[in-house]
Amino acid sequence: MPTAQEAGDGVVAIEPAVSRSPGPESTPGVATLSIGPAEMVRQLTGPMSANATDRWNVHGTDLGHMIRHKGALYMVFGDTYGPDGGAWRSSTMARISNLGGAFDFAQMISDPDGNAKELIRSAKIPGIEWTVIPTNGISLGERMVLHYMSVRMWTSDGRWLVSKSGLAYSDDDGHSWHRSPTAVWPNGSGFEQVAFVDQGEMIYSFGIPEGRFGSVRLRRVARDALFDPAAYRYWDGSGWVSDHHGAATVVPAPAGELSVAWSETHGRWLMMYLDETMAAIVLRTAPDLVGPWSAAQTVAHAGDYPGLYAPYIVPGEALDTEVRFTMSRWKPLYNVFLMRAPLSLDAPVIAAFEDDAATEIRRD
């Protein structure tokens, strides 16, 4: 599928496709990428985890999305607590050096007292800024960047109110973070939560609004303009436009926390997210970032993993025979788990073509 390039405000021109895959999965002759039921590899956080994160005063936390930065993997967490819900920090971070292993934490970004440090400060005032949650991150080489949402109020299950979203950055490998004064979006952009896709000179981000019941949209920006909201362009279904109100749905609602990664082996993009109405983590695939995205397949269900949410695909892995991802669970666990699920290609559909001489069977 072709994508389009901005040729002026609101004007687009066709350019080569974003993806590297031959066609949509419904095309005859194209095998379907299937995912099997997920299984837990290990618990990553909490006193009873292999990482024994209580040594950093991390007894409960969630999220666990990841950034590859300077040869290490950094795992970013949301609201983090000590024992009995004390020592509240809105965000924390672990550093993992054994990228191919089982995610042993080499360290957590810590204060001088040894406790895991809050990355992005929050007011912690309900109705104004209850907390600031990092929703995804990216490395720009020397600089690390986190996208965050400033949560004004938690309301009901799967729903909350966001006052604004924005970017924060660190120039010392995650030890100190600063909210950008320019990269700020008011609530209503539809990108209150994002999943970054780094395509070199262009950075794409899939977005969903506050809560877990909105649809998925897509935007992009030049790498050197990441902190300039006016430079972002939004996919409207046929091209890239400057007004976020024109952003088209690329995956229908409901979609909760999400992640996107490319499988070179299968020539497809993988998108994983929480479907709150199904109480399940699901997977869709597509040949292009703009779609078309396949039907959702269930990866893990709350019947097996109560309170599940926030699936984040491990970045940079092959995604050939399996996909590894982090998954959070709510009370009474409130911690992050490493999961894996098998990937396989179903046999392609065979198309039959008949002429006057004979019947030819051909694989498209």
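**Salt bridges**

Lys70, Glu142 and Asp173 are joined in a network of salt bridges, where a salt bridge is a side-chain nitrogen of Lys or Arg within 4 Å of a carboxyl oxygen of Asp or Glu. Before going on: this is a predicted model, in which local features need pLDDT of at least 70 and side-chain atom pairs count only at pLDDT 80 or more, while totals for chains, interfaces and linings use all residues. Residues are numbered from 1 along each chain as its sequence is written, and side-chain values use heavy atoms, with hydrogens and water left out.

The structure holds twelve salt bridges. One of them is between the side chains of Glu39 and Arg340, at 2.7 Å, N to O. Glu39 is in strand β4 (residues 39–43) and Arg340 in strand β25 (residues 335–345), so this pair ties together parts 301 residues apart in sequence. Strands here are DSSP runs of E, at least two residues, numbered from the N terminus. Glu39 is partly exposed, at 39% relative accessible area, and Arg340 is partly exposed at 34%. For that term, buried means under 20% relative accessible area, exposed over 50%, and partly exposed in between, with a 1.4 Å probe and protein chains only.

Arg143 and Asp171 also meet in a salt bridge, again 2.7 Å, N to O. Arg143 is in the loop between β9 and β10, and Asp171 in the loop between β11 (160–170) and β12 (178–186), 28 residues apart. Arg143 is partly exposed at 27%, and Asp171 is partly exposed at 47%.

Glu317 forms a salt bridge with Arg324, with the closest N and O atoms 2.5 Å apart. Is Arg324 buried or exposed? Arg324 is buried, with a relative accessible area of 10%.

**Rings**

Rings of Phe, Tyr and Trp (its six-membered ring) pair if their centres lie within 6.5 Å; planes under 30 degrees apart are stacked, over 60 edge-to-face, and the rest tilted. By this rule there are twelve aromatic pairs. Phe77 and Phe105 have ring centres 6.1 Å apart and planes at 45°, so that pair is tilted. Phe77 is in strand β6 (residues 72–77) and Phe105 in strand β8 (residues 105–108), 28 residues apart. Both Phe77 and Phe105 are buried. Elsewhere, ring pairs link Tyr81, Trp88, Trp330 and Tyr334 into a cluster.

A charge sits over a ring if NZ of Lys or CZ of Arg is within 6 Å of the ring centre and within 35 degrees of the ring normal. The charged end of Arg179 sits over the ring of Tyr148, 5.2 Å from its centre. Arg329 has its charged end over the ring of Phe337, 5.8 Å from the centre.

**Pockets**

On a 1 Å grid over the protein atoms alone, a pocket is an open set of points where a 1.4 Å probe fits, with protein on both sides within 12 Å along at least five of seven lines; lining residues have an atom within 4 Å of a point.

The largest pocket is lined by 37 residues, and Asp62, Arg212, Tyr309, Trp330 and Tyr334 lie nearest its centre. Strands β9 (131–139), β10 (144–154) and β23 (308–313) each supply at least two lining residues.

The second largest pocket has 27 lining residues, with Phe196, Asp198, Val260, Pro315 and Gly316 nearest its centre. Which strand gives the largest share of that lining? β13 does, with five residues.

Notes: Helix = DSSP H or I, 4+ residues; strand = E, 2+ residues; numbered from the N terminus.
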